[in-house]
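Please view the sequence and the model first, then read the notes below.

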Amino acid sequence: MHIYIRLRPLLGHLLGLLILLSPVAFAEAVSPQEQVQVFASRATSSLLLLRGEGFQKRHQARLEGDIEALASAVQDLPQASDTLRNSHQLLVTELRRGVSFGPSEDDMPWGYPQALSKALRDFLHEARQQPNTGGSELSAKIEYLAVQYLSRAYIGSFEIAREQPDTYLGQDERLLVPAIDAELAGLGDTDNPELTKLKVRWDYLKAALNDMNSKSNTLQSVSGRPFAPITVDRHTRSLTSQWMAMY
């Protein structure tokens, strides 16, 4: 009886803490399957940034780091299929090929953007076929949108998987931005400063991504303003890193 009485304040305190926890604390962790998707899109964005910004050494170093991170994530993926590993090698081959061309736009073969987008789509598709512990793929969707944005800014339209309109691989900002919006809104308004910071960063990204104008082949934004790939890239990586670290 005395032990129970002493435990009651402690139990009440713990219950209070649970009530105050952000909804994010109860969300499912980012799965290894989603992580490989994130790293694949990041590596692709790094190549686009490298080419678009004139082959700077720091962008080259980031690309190499992303390729290594992707390889490590694929290696650690439970029950990775041979098909996934093959598509991983094909993606890395295309990334390396993108570096091998000269720095000017004329040095890049006209068909390379299509080859790169296909290699990324094929890898992401295979990654999504692997055993999954659940999750929303929110960070993978945001990184995929960033690839589309950087592609339009630097080398031309990114070809989405139009044969898969019900997955994020076949969607652009017109469907993905509202879906991400709804998911973040579902977390509710809390006093969690990390969640508040994440939503503020998303509000900026949302404005930029909605300006991408994927429905047009003119490669001009909806507003007519120049694209801002460096800023979008920085906010995307910060947001997805923060999201994955919150679990």
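**Briefing on the structure**

Asn213 is buried, with a relative accessible area of 11%; buried means under 20% relative accessible area, exposed over 50%, and partly exposed in between, with a 1.4 Å probe and protein chains only. The model is predicted, so local features need pLDDT of at least 70 and side-chain atom pairs count only at pLDDT 80 or more, while totals for chains, interfaces and linings use all residues. Residues are numbered from 1 along each chain as its sequence is written, and side-chain values use heavy atoms, with hydrogens and water left out.

**Overall make-up**

- The protein has 9 helices and 0 strands; helices (H or I, at least four residues) and strands (E, at least two) are DSSP runs, numbered from the N terminus.
- Of the 247 residues of the protein, 46% count as buried.
- Among contacts (heavy atoms within 4.5 Å) between residues at least 6 apart in sequence, 76% join residues at least 24 apart.

**Helix α9 and its surroundings**

- Helix α9 covers residues 229–245, 17 residues in total, and its first and last C-alpha atoms are 24 Å apart, close to the 24 Å expected at 1.5 Å a residue; the expected span is 1.5 Å times one less than the number of residues.
- The buried residues of α9 include Val232, His235, Thr236, Leu239 and Trp243.
- These buried residues of α9 pack against α2 (32–52), α3 (57–76), α6 (138–154), α7 (173–185) and α8 (193–210).

**Leu205 in helix α8**

- Leu205 is found in helix α8 and, at 0% relative accessibility, counts as buried.
- Leaving aside neighbours within four places in sequence, Leu205 is in contact with Ile142, Val232, His235, Thr236 and Leu239.
- The C-alpha atoms of Leu205 and Thr236 are separated by 7.3 Å, although the two residues are 31 apart along the chain.

**Packing of α6 with α9**

- α6 and α9 pack at an angle of about 170°, with their axes 10 Å apart; axes are lines fitted to C-alpha atoms, for helices over the stretch in contact, and angles run from 0 to 180 degrees between N-to-C directions.
- That angle makes α6 roughly antiparallel to α9, a term for angles over 145 degrees, whereas those under 35 count as roughly parallel, 65 to 115 as roughly perpendicular and the rest as oblique.
- The contact involves, among others, Leu138, Ile142 and Tyr149 of α6 and Val232, Thr236 and Trp243 of α9.
- Its residues divide into 13 nonpolar, 3 polar and 3 charged; Ala, Val, Leu, Ile, Met, Phe, Trp, Tyr, Cys and Pro count as nonpolar, Asp, Glu, Lys and Arg as charged, and the others, Gly among them, as polar.

**Packing of α2 with α3**

- α2 and α3 pack at an angle of about 160°, with their axes 9 Å apart.
- The angle makes α2 roughly antiparallel to α3.
- Residues that meet here include Phe39, Ala43 and Leu50 in α2 and Leu63, Ile67 and Leu70 in α3.
- By class, the contact of α2 with α3 has 13 nonpolar, 4 polar and 3 charged residues.

**Two loop residues with positive phi**

- Most residues other than glycine have a negative phi.
- Asn213 lies in the loop between α8 and α9, and its phi is near 65°, a positive value in a residue other than glycine.
- Phe55 lies in the loop between α2 and α3, with a positive phi near 60°.
- Phe55 is partly exposed, with a relative accessible area of 23%, whereas Asn213 is buried.
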